Amino acid sequence: MKMGFAWVLLLSSLLMACESDDFAQVELNSEKFLVWGEGVSVVVEEGRGEPKSMGSYSVRIYQNRDESNSRDFFITGLIFARDGFLKQAGLVDIDDDDQLDLVVVFENAGSGSYLTAHAWRFIDDKLSSIAIVEGLAAGADVNAALKTQIKVLNALEPETENTPLPVDTQAAEQ
């Protein structure tokens, strides 16, 4: 009988300790919320329940039909791997097209504290990646690195104009 009473006393003590103020909620994952134009918002969030050092992150786009609810109507979203914790997210015209782009920056949790940055475009209800740079030194200008990456990628793309192909007149006559 004494043993049963001891277990009940121990169990009730543990339950009371869990409900006391000695246990603070730990914020495992970060979320950034931004207004991306009129009636559109974006949420960038680390994967719930994942370690801060690595895991996944989501970019979710919402249409705001009601000012009181910034996540009124889900439009689109993507999930990608991340190395590090969400350091910052902001809206910048990274590709010089007069449209704001989403730039998401992660800082590695290791000793190097290197940075990874992703640039996103949202046009015609579609979210697409513009550029990714990795291994940047802490304090590096991520916007400049992304702009350089975009210029390199654009230099590799073929011309999209409809220019006529050169015609070999001698071969055409034969």
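## Surface and model

The chain exposes about 12100 Å², and carbon and sulfur atoms supply 55% of it. Accessible areas come from the Shrake-Rupley method with a 1.4 Å probe; for residues, only the protein chains shown count as cover.

This is a predicted model: local features need pLDDT of at least 70, side-chain atom pairs count only at pLDDT 80 or more, and totals for chains, interfaces and linings use all residues. Residues are numbered from 1 along each chain as its sequence is written, and side-chain values use heavy atoms, with hydrogens and water left out.

## Overall build

The chain has three helices and eight strands. Helices (H or I, at least four residues) and strands (E, at least two) are DSSP runs, numbered from the N terminus. Along the sequence, the pattern reads α-β-β-β-β-β-β-β-β-α-α.

Of the chain's 174 residues, 29% count as buried. Buried means under 20% relative accessible area, exposed over 50%, and partly exposed in between (1.4 Å probe, protein chains only). Take the contacts (heavy atoms within 4.5 Å). Among those between residues at least 6 apart in sequence, 38% join residues at least 24 apart.

## The four-stranded sheet

Four strands form an open sheet in the order E1-E2-E3-E4, with antiparallel pairing. Strand E1 (31–35) and strand E4 (73–83) stand at the edges; each has a single partner strand, so one side of each lacks a neighbour in the sheet. Neighbouring strands here are turned by 15° against each other on average, direction ignored. Axes are lines fitted to C-alpha atoms, for helices over the stretch in contact, and angles run from 0 to 180 degrees between N-to-C directions.

Strands pair if DSSP finds at least two bridges between them. Strand E3 (residues 54–63) and E4 pair in the antiparallel sense over ten bridges. Ser58 has Ile79 in E4 as its bridge partner.

## Two loop residues

Most residues other than glycine have a negative phi. Ser113 is not a glycine, yet has a positive phi of about 50°. Ser113 sits in the loop between strand E6 (101–107) and strand E7 (115–123).

Asp125 is not a glycine either, and has a positive phi of about 60°. Asp125 lies in the loop between E7 and strand E8 (126–136).

## A nonpolar patch

Val152, Leu153 and Leu156 make a nonpolar surface patch of about 270 Å². Patches are made of residues with over 30% relative accessible area and no salt bridge; like charges are joined within 9 Å, nonpolar side chains (Val, Leu, Ile, Met, Phe, Trp, Tyr) within 5 Å. A salt bridge is a side-chain nitrogen of Lys or Arg within 4 Å of a carboxyl oxygen of Asp or Glu.

Val152 belongs to helix H2 (residues 142–156). Val152 is partly exposed, with a relative accessible area of 43%.
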